[in-house]
Number of protein chains: 2
Amino acid sequence: MSIKSNKRKEIFIGLIIGLIKFSALHAQNYETMPRQLDSISAKIIQTALGQNKAIELLTELCVKIGHRLAGSPQAEKAVAWSKKKMEELGFENVRTEPVIVKRWIRGKEECFFRIGKEKQKRKINICAYGNSIGTPKEGITAEIVEVKSWDELKEKGEQVKGKIVFFNRPMDRSLISLGTAYGLAVDQRSNGAIEAAKYGAVGSMVRSMTTRIDDKPHTGQMHYVDSIPKIPSVAVSTKDADLLSGLLAEGKKITVTLKLECDTLPPVESANVVGEIKGCEYPDEIVLIGAHLDSWDKGHGAHDDGAGCAHIIEAVRLIKELNLKPKRTIRAVLFMNEENGLDGGYAYASKERPNEKHIAAIESDAGGFSPIGFGISDSTLHSKLSKYAYLFIPINADRFKIGGGGVDILPLMKTGVPGIGLIVDGQKYFDYHHSDNDTIDKVNERELALGSAAVAILAYIIAEE
Amino acid sequence: MSIKSNKRKEIFIGLIIGLIKFSALHAQNYETMPRQLDSISAKIIQTALGQNKAIELLTELCVKIGHRLAGSPQAEKAVAWSKKKMEELGFENVRTEPVIVKRWIRGKEECFFRIGKEKQKRKINICAYGNSIGTPKEGITAEIVEVKSWDELKEKGEQVKGKIVFFNRPMDRSLISLGTAYGLAVDQRSNGAIEAAKYGAVGSMVRSMTTRIDDKPHTGQMHYVDSIPKIPSVAVSTKDADLLSGLLAEGKKITVTLKLECDTLPPVESANVVGEIKGCEYPDEIVLIGAHLDSWDKGHGAHDDGAGCAHIIEAVRLIKELNLKPKRTIRAVLFMNEENGLDGGYAYASKERPNEKHIAAIESDAGGFSPIGFGISDSTLHSKLSKYAYLFIPINADRFKIGGGGVDILPLMKTGVPGIGLIVDGQKYFDYHHSDNDTIDKVNERELALGSAAVAILAYIIAEE
């Protein structure tokens, strides 16, 4: 759009009048609401955008430390960094709480294929899934068999014996919710190795969990069961998946060689990082806000879940910056190892905390995109909080839905604490998720700032009202 | 976020239940609505995301043609391309309508500065504003004087004589609406040269209209008045603006040399491109959907307004693809020269169209980001359309506001036609706007697809109901 002053001015004036009318329309339903909250939430938003600190936090985490798989040296650096950051920002009761985490390492990876009897090796972009076993040094070499459903695997049955099963059922791009599309496709990643091994396969290759067509494989967690032989399992980039599928459709025989050094080492001690603003009236009543500090060992872990960590630290900073004194304690928790075992979530929930009562737990683990609302697990809390949704209209984050929470806070939710998840505009999320695409340059500073403001406002409301 | 099947499944189920409840809550207010529209709009969304054609259109426009300033050879290519595209897609009455456009050309640009009496030249990232005059071949060399407000310029008055005024009032990043922040800062670009020349300045340099700090200058329209001497006017990148401002704050004298080849040539004939789905009951009643085909001569003009063009062509394609037969005519118009004179908008509105009646005009000129709703100029139409807002809830685009429209359709709106503007999540818009940042890789295919679906659904509703 251009600005031709007069013309544009008319439109601006129209927009502003429209906005005022729209706001008035909503405001009149809430005449009984404390007016102070209006100005506090406006101030939080203005400070988040104006001071623009969330992106600084995330940039430090991404650039100084990078990805940080649980148990890795980088994860320990991230623990130290976030503890120091909370202390520098004047959080109270800053501490680490020990967490024993699974330790899986990737090592070197190599994958190529040959067509028919050709000698030429062609590279495939793959990465091992977390918990996968490695291969012998010389790798495994086997023909691949494509399947697009569990039924097709069952039909092929013994045909896959000694071969590598290539699971190539794409996420359904026609669905509005990519979370749903992911949920409907990710069983290939989680269970592919188990199901393929049942029929004697020697490896599993899975189309990456994304609708984007590119060269980057997307990792994530897989698992084994004791009763079935363990076989290596890897993600293949969507571009290579399409290439292999096309060649197979032409009747070509494809032989893949896979070399993986990945391994599972003994568990190690790591930590959740905790800091607070102590409540001035009910310090033992806790409003937890959390995200996970670990990431997969790809990209920067910028959206998953560096952005959540920036949201949480910045939310507390904003409340302190504005010198707000909430009645209840707001506790920031950066959980360790959501990605590969939920160890931090369990450790937090199972720790004895005498006299403390958790009122609610808010999690940010959906990326640093524009916030659009909250999903609230508990319908009573949902109806209580919904009357404050109007405070989020100016940033278009007033969609308060029943149902939600977060993975890290799930163990706490199981003890009866209501869980709340920040909902963001997630259309790009799976472009980046668990891959080398998930880097700091994919995060917009203003969208990130708005997310931190949304968390700060909701945490403050719950702590105060 | 990770998926640990069971844990994640619980959350997914919770979310889905929440969504169903939420939808039911909204649906019950609309029991009287024709149920057919529900399935039509769902089908439009599914087809837009599943077939994913909007990004193909935009990629062709951006990569094959690139930026397309009115009057340029690229603009003529864009006219031919979009006419051919509409014909290939089976639009009816495909035609061009002549538009006489201003013709401004950029030519080569060079800018550097010297500190004090140093000989070292240091490059500044600048670009001329549209309509700026050029400089003599040897350029102009003058000291710069920074001002942050019109008042400061007035105070400095005769001090700027023979110098270059450096307008450095940033867009206010603490505002939620960057459109408002832009509106409050862009007078420096529009009027800077006029105001500076009143005091005898020989040039105008303006901090780029963006909150992003980077090396890319952002161009845009400026103008002169006949009674004041014309001086060259350029945008300077925000990074360089900060650098220069810092040096000036240290008391350094900064001398800038500016060489511009830009020039205004005689007007040339270009065209609006028009195509339709003829209404089956009231073919003379027109629902116009439009965007502008021209762009500034920077980047690809991807978001501004290639995305709008893709929205419009794809919206018509979606309606045809689903074999919908609207009662009224849906007319796609790609306007020429919104950016530098609104020539296409005026040409369209002033053309005699006997027997035709425009019911409404919808414009997409806010970028290819996730749609969030519509701004509707007319309060009667707003209340009529608002009862269909529930159809847009699944894609979070149900914010129907009073006030809005678009620049291209403004001349039509002045004749009494209600105007509607697609509203999108614009937090990143000014990162790209009018600069080399505005390239195809900044557009997400799914967000673009949702915008086209939103336009298609609203156009169909108006044409049908």
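How many nonpolar, polar and charged residues does the lining of the largest cavity have? I noted first that this is a predicted model, in which local features need pLDDT of at least 70 and side-chain atom pairs count only at pLDDT 80 or more, while totals for chains, interfaces and linings use all residues. Residues are numbered from 1 along each chain as its sequence is written, chains are lettered from A and ligands numbered from 1 in the order in which they are written, and side-chain values use heavy atoms, with hydrogens and water left out.

**Cavities**

I looked for cavities (on a 1 Å grid over the protein atoms alone, sets of points where a 1.4 Å probe fits but cannot get out, with lining residues having an atom within 4 Å of a point), and found three of 30 Å³ or more. The largest has a volume of about 60 Å³, and its lining has two nonpolar, two polar and six charged residues. For these classes I counted Ala, Val, Leu, Ile, Met, Phe, Trp, Tyr, Cys and Pro as nonpolar, Asp, Glu, Lys and Arg as charged, and the others, Gly among them, as polar. Among the residues lining the largest cavity are A:Phe369, A:Asp425, B:Phe369 and B:Asp425.

I then turned to the second largest cavity, which holds about 40 Å³ of space and has B:Trp296, B:Glu339 and B:His434 among its lining residues. That lining divides into one nonpolar, four polar and four charged residues.

**Second largest pocket**

The lining of the second largest pocket divides into 11 nonpolar, five polar and 16 charged residues.

B:Cys111 is in no disulfide, and the nearest cysteine sulfur, that of B:Cys127, is 11 Å away. I also noted that B:Cys111 is buried, with a relative accessible area of 4%, where buried means under 20% with a 1.4 Å probe and protein chains only.

**Helix H6 of chain A**

Which residues of helix H6 (residues 178-185) of chain A are buried? I listed A:Leu178, A:Gly179, A:Ala181, A:Tyr182 and A:Ala185. Seen down the axis of H6(A), these buried residues fall within an arc of 160°, so they line one face of the helix. The arc is that of the directions from the helix axis to the C-beta atoms, and a helix here is a DSSP run of H or I with at least four residues.

How values were computed: Buried < 20%, exposed > 50% of the residue type's maximum accessible area, 1.4 Å probe, protein only. Helix = DSSP H or I, 4+ residues; strand = E, 2+ residues; numbered from the N terminus. 1 Å grid on protein atoms, 1.4 Å probe; cavity = no way out; pocket = protein on both sides within 12 Å on 5 of 7 lines; lining within 4 Å. Points joined across faces, edges and corners; volume = space filled by probe spheres on them. Disulfide = S-S within 2.5 Å.
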